Structures are given as C-alpha cells and as structure tokens.
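Dear colleague,

Please find below the structure that I am handing over to you. My notes on what was found in it follow directly after.

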Amino acid sequence: MKSLSILIAASLLCGTASAAEPAPPAIVRHTNPPPAIILGGVTLPPGAEIVLLSGQLASPIDPAKTDSIEAFGDTKTQTISTFNKIKAALEKLGYSMSDIVKLTVFVTGDPKLGGKMDFAGFNDGYKQFFGTAENPNLVARSTVQVAGLAGPNFLIEIEAIAAKVP
C-alpha cells in the first residue's frame with residue numbers, strides 16, 4: 001500500500017510539474033473593431049516558422065482559353081482561383097489557409113468599372129477563405145490598385161505570408 005501511495009504522489013507531482021511548464025509562445029492576431037474583416041497586425045513569437053509565397057495569379061476558367069479577361073473571370077472569380085492556388089501551395093509545405101498572417105493584394109482596374117478596381121468583388125472572394133467556420137482567422141492585409149500585372153488579362157495578384165509555431 002505504501003508503494004502505491006508513493007506512486008500516486010509521484011504521479012501527482014509529475015502532473016503538477018508539467019502543468020506549470022510555460023505554454024509555447026503563440027501567434028498573436030491584433031483585431032480591429034467589428035465589422036472589420038482584416039487584422040490591425042500580427043505578432044510572431046521567436047521561433048515561429050514562416051513561409052513567404054510569391055505572388056499568385058488566377059488560373060483560366062478553361063485552360064484552352066487565355067486570350068481575354070473573361071477567360072480568367074471577374075475580380076471575384078480571379079480572387080477565388082488565386083486563393084485556391086495559394087491553398088494548394090501551402091498544403092504542399094505543410095501549412096493551411098488558417099496559418100496565413102499577412103496578404104499583399106494587387107488589383108488592376110476592371111474595364112467594366114471604368115478602370116476602377118473591384119474592391120467589393122475582391123472582398124467577396126476573400127470572405128470565402130477568411131473569417132469562416134472552416135477558417136475563423138483573419139489576416140493583416142494591404143490592398144492596392146496597380147496599373148498592370150504580369151499579363152493583360154489578370155485583375156488580381158496575391159502574395160501570402162504564413163506562420164506557425166512548431
């Protein structure tokens with residue numbers, strides 16, 4: 001009985017000791033007041049693993065057609081296509097969309113909107129990937145209108161930074 005009491009006491013002490021160990025540092029997401037759909041910023045702890053993805057462009061709706069903006073779709077369609085490419089690239093590296101902490105978004109003017117960027121269309125596509133039940137995380141983000149991208153039929157290019165604590 002004495003050895004059982006010692007074993008239980010040792011187990012309790014070990015459990016208490018491990019409970020007192022500090023939690024690993026976490027990524028801190030600095031929120032903005034609602035209804036904001038982006039963060040004010042992100043703090044990455046020492047030792048966080050970071051991956052920086054090059055700018056991604058949309059895939060054509062039909063791979064055989066690449067000769068017009070319509071072949072790639074409007075801003076919302078191109079946003080969804082681009083985020084799907086980002087998602088696939090991250091998965092190959094062992095990351096997920098919920099690991100994204102920062103986006104830089106380049107949007108060209110849509111000829112159908114008189115040369116203005118379709119910010120609402122971009123946000124409609126963005127909201128399918130961030131702040132959802134599947135991925136409740138939001139990201140720090142910059143969105144700028146540019147004169148042009150790598151090809152004349154692209155309306156959007158997105159760079160992503162993802163991070164996680166090992």
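The largest nonpolar core has 22 residues, and those with the most contacts inside it are Phe-83, Ile-86, Leu-90, Ile-100, Leu-103 and Phe-130. A nonpolar core here is a set of buried Ala, Val, Leu, Ile, Met, Phe, Trp, Tyr and Cys residues joined through side-chain atoms within 4.5 Å; buried means under 20% relative accessible area, exposed over 50%, and partly exposed in between, with a 1.4 Å probe and protein chains only. Two or more residues each are given to this core by strand S3 (49-57), helix H3 (75-92), strand S4 (100-108), helix H4 (119-126) and strand S6 (156-164). Helices (H or I, at least four residues) and strands (E, at least two) are DSSP runs, numbered from the N terminus. Apart from this core lies another, of six residues, among them Leu-57, Ala-58, Ala-71 and Leu-149.

This is a predicted model, in which local features need pLDDT of at least 70 and side-chain atom pairs count only at pLDDT 80 or more, while totals for chains, interfaces and linings use all residues. Residues are numbered from 1 along each chain as its sequence is written, and side-chain values use heavy atoms, with hydrogens and water left out.

Regarding the sheet, four strands form an open arrangement in the order S3-S6-S4-S5, with mixed pairing; two strands pair if DSSP finds at least two bridges between them. S3 and strand S5 (140-146) are the edge strands, each pairing on one side only. S4 and S6 pair in the antiparallel sense over seven bridges, and Leu-103 stands opposite Ala-160 in S6. H3 packs on the sheet, touching S3, S4 and S6, whereas H4 packs on the sheet by touching S4, S5 and S6. Contact means heavy atoms within 4.5 Å.

As for the two helices, the axes of H3 and H4 come within 7 Å and cross at roughly 35 degrees. Axes are lines fitted to C-alpha atoms, for helices over the stretch in contact, and angles run from 0 to 180 degrees between N-to-C directions. Where they meet, H3 contributes Thr-75, Lys-76, Thr-79, Ile-80 and Phe-83, and H4 contributes Gly-121, Phe-122, Asp-124, Gly-125 and Tyr-126. In H4, the buried residues are Gly-121, Phe-122, Asn-123, Gly-125 and Tyr-126; their cover includes H3, S4, S5 and S6.

With kind regards
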